[in-house]
Amino acid sequence: MQYVRQTAQAIITRMYKQYMRQMPAVPIEVLPYVRGIQLVLSSYEGYTKGKRREADRLIRDEIKRAGTRARNHISNIHDTAFKTDRLSIAKIAKLATTQIDCLIEDVDKSVTGMNHAFFSGSRSAKVSDLKNLIKHDHDVIEMVTKAINIANSAEHAFSSSESDEDITNLIQQCQQMITSCQGFFNSRNKILGGLRQKAK
Amino acid sequence: MSNRYKWRDNPNILARLINANNLNTWKAQEVVLKPNEACAFIVDGRIGDILTEKVVSNIAGGFNRFIGEMMGVTAKDRRLLFAMTGPADISIPFSSNLPNGTKVNGFANIRVQLRSEDLPKLLNMFANSAPILDRKRLAEVLHNELMMRVITPSLAECSDEAMLRSSAFQDKFEMRTEVELRPTLSTLGFTILKAFITSNQTDNEKIAQLQTELAAATNTEGAHAEALMERIAIREAATLRRIECEVNIAKAEAAGKVTVELQSELKELRKQEAQWEAELKRDEGRANLRMKESSHKTEQAMALFEQVQAKKKERIEQQMEHQNQRMDKQNELQMKMMEMAANNNALTPEVMQEFLRQQTAQKAVDGPGGEFEPSADSSKEPTCQSCSKPIMAGWKACPHCGIAL
């Protein structure tokens, strides 16, 4: 009985792999986005066949890394502000770091996308989905890069003895960018999670 | 079929360093790394890949590796560093004093996270300690530093219990923890996510609580008593009202009986009254009838009286006319006599005086104004016996009182 079940599973997996082979390479219209991502991640090749999870892992690692960079800047502001008794800035910085932690946690524990069973109700990713995913990844990385730049500017402003209001504004801008990035990133779960039903 | 290797058999374990050389078996072993788990490979003293969300097969064993080791083509030293990458709460007990001397006991809770890229930093932890890191061990590592650099300074700024419970204190504690413990924790690969303090009740708070409880108990008792009194008052009022109502009912019943009796008496009285009224009406009718009869007689008498008066007036007028005629004749005669005397120049003052004297005497004979002079016995004319008013002879009834004469 066990051998029968294993044989059936092997047949289903084989059929599924044949189905997956029909997934194309990187479409031409998303090539600019792929090139843009490759500026940051040289090993990124889009969601080509057989490299989907690796690409996903690369993107997620990059977002986490960028988030950590922004967090480090904000943490420096936080520490210095606390030690110099500028508690209002320290509180704002703490809120921003908490938001970045949430983004990192979301990215770390996000959906990868699975090879669902052939007869399951879930639909596999189509070419249009993958195109959207590549564009989405590009936009997320762009946003998180902006957040790093803003955090860097905030730290620079803090060390340049600029007014508390300017520093606070920059930190809050960074937090806003991180929040947008978080929401934007979460929308990719719809694509990778296979939540949509198979078209009938 | 391969064996599943479990690196963690206790939820308190956060990380574990495993010497893969000790896992040599003939059978292959695999590890399923879940999303909150990561594994760093340290091969021949170098940090290798950090894996997560993956099935690592042939992790430490298998026939191929056995052969490879026999041939000396595999790594000489293989270590696996497993860790949980999810947030972990560390509770560190503390005991300190506030500036006012109040003793404060409790726990400092720190939420830390080990991120997969920081996993190799855990080697600093395992350099001089057991290869297992659990929450208790991490709390021990952090205890002294936390006490000296975070808790004691934080409590020193706390003037009283109210400030200890304030949000500002918690915020400041969290910020201080992050500032002071970040170097240490980042050395070990941990990231601080959250920190807060949980302190037990202080002695002052216990006293305040006791006072509040006693006051509340007193107030409760007072409220009960008030409610009871109010209830009794309501019952009393209800009872009094009921009694009053019963009395009123009894009064009404008694009054009803009296009313019935009075009503019967009233009926009798009304009956009597009606009888009297009927008799009165009858008498009035009779009187009216009698009055009508008497008025009829009076009218007849008045008519007769008027006839008599009219005849009397007529007779007086005839007498007056007759007298006037006679006076005119006498005046005419006297005028003729005077004219004749004047014609004969015999009209002297003595003649005039004699003329006036005769004329006065003539008037005295005729009476004053020629009116009817009553006779001397006119004062003895007949009067009505009832009203004593004068009546004429021949009247059948008195014109004043209507009595038959």
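This is a predicted model: local features need pLDDT of at least 70, side-chain atom pairs count only at pLDDT 80 or more; totals for chains, interfaces and linings use all residues.
**View 1. Confidence in the model and in chain B.** The model scores ipTM 0.74 and pTM 0.61. Chain B has a mean pLDDT of 86, with 92% of its residues at 70 or more. Residues 369-378 of chain B stay under 50 in pLDDT, and the model has 10 contacts for them beyond four places in sequence.

**View 2. The interface between chain B and chain A.** Contacts link 23 residues of chain B with 20 residues of chain A. About 1,800 Å² is buried between the two chains, and carbon and sulfur atoms give 49% of that area. Seven salt bridges are counted between chain B and chain A. The count of residue pairs in polar contact between these chains, both at pLDDT 80 or more, is eight. On chain B, the elements that each give two or more residues to the side touching chain A are β3 (29-43), β4 (46-56), α5 (167-188) and β9 (190-199). Helix α5(B) gives the most, with nine residues. By residue class, this side of chain B holds six nonpolar, seven polar and 10 charged residues.

**View 3. A:Lys94 and two glutamates of chain B.** A:Lys94 forms a salt bridge with B:Glu178, with 2.5 Å between the closest N and O atoms. A:Lys94 also meets B:Glu174 in a salt bridge of 3.5 Å, N to O. This second pair runs from helix α5 of chain B to helix α4 (residues 87-108) of chain A. B:Glu174 counts as buried because its relative accessible area is 8%, and A:Lys94 is buried at 7%.

**View 4. The salt bridge between A:Asp79 and B:Arg182.** The closest N and O atoms of A:Asp79 and B:Arg182 are 2.2 Å apart in this salt bridge. The pair crosses between chains, from helix α3 of chain A to helix α5 of chain B. A:Asp79 has a relative accessible area of 17% and is therefore buried; B:Arg182, at 18%, is buried too.

**View 5. The surroundings of A:Glu62.** A:Glu62 lies in helix α3 (residues 52-83) of chain A. Its relative accessibility is 7%, so A:Glu62 counts as buried. The side chains of A:Glu62 and A:Arg65 are joined by a polar contact of 2.9 Å. Leaving aside residues up to four places away in sequence, A:Glu62 touches A:Val40, A:Leu41 and A:Ile141.

**View 6. A salt-bridge network that includes A:Lys109.** A:Glu105 and A:Lys109 meet through their side chains in a salt bridge of 3.1 Å, N to O. A:Lys109 is partly exposed, with 31% relative accessibility. Salt bridges with shared partners join A:Asp56, A:Arg57, A:Arg60, A:Asp61, A:Lys64, A:Glu105, A:Asp108, A:Lys109 and B:Glu53 into one network. Over all chains, the structure holds 32 salt bridges.

Technical notes:
Residues are numbered from 1 along each chain as its sequence is written. Chains are lettered from A and ligands numbered from 1 in the order in which they are written. Side-chain values use heavy atoms; hydrogens and water are left out. pLDDT is the predictor's confidence in each residue, from 0 to 100. Contact means heavy atoms within 4.5 Å. Buried area is the accessible area (1.4 Å probe) that two parts lose on being put together, summed over both. A salt bridge is a side-chain nitrogen of Lys or Arg within 4 Å of a carboxyl oxygen of Asp or Glu. A polar contact is a pair of N or O atoms within 3.5 Å; within protein, one must be able to donate a hydrogen and the other to accept it, and residues adjacent in sequence count only if both atoms are side-chain atoms. Helices (H or I, at least four residues) and strands (E, at least two) are DSSP runs, numbered from the N terminus. Ala, Val, Leu, Ile, Met, Phe, Trp, Tyr, Cys and Pro count as nonpolar, Asp, Glu, Lys and Arg as charged, and the others, Gly among them, as polar. Buried means under 20% relative accessible area, exposed over 50%, partly exposed in between (1.4 Å probe, protein chains only).
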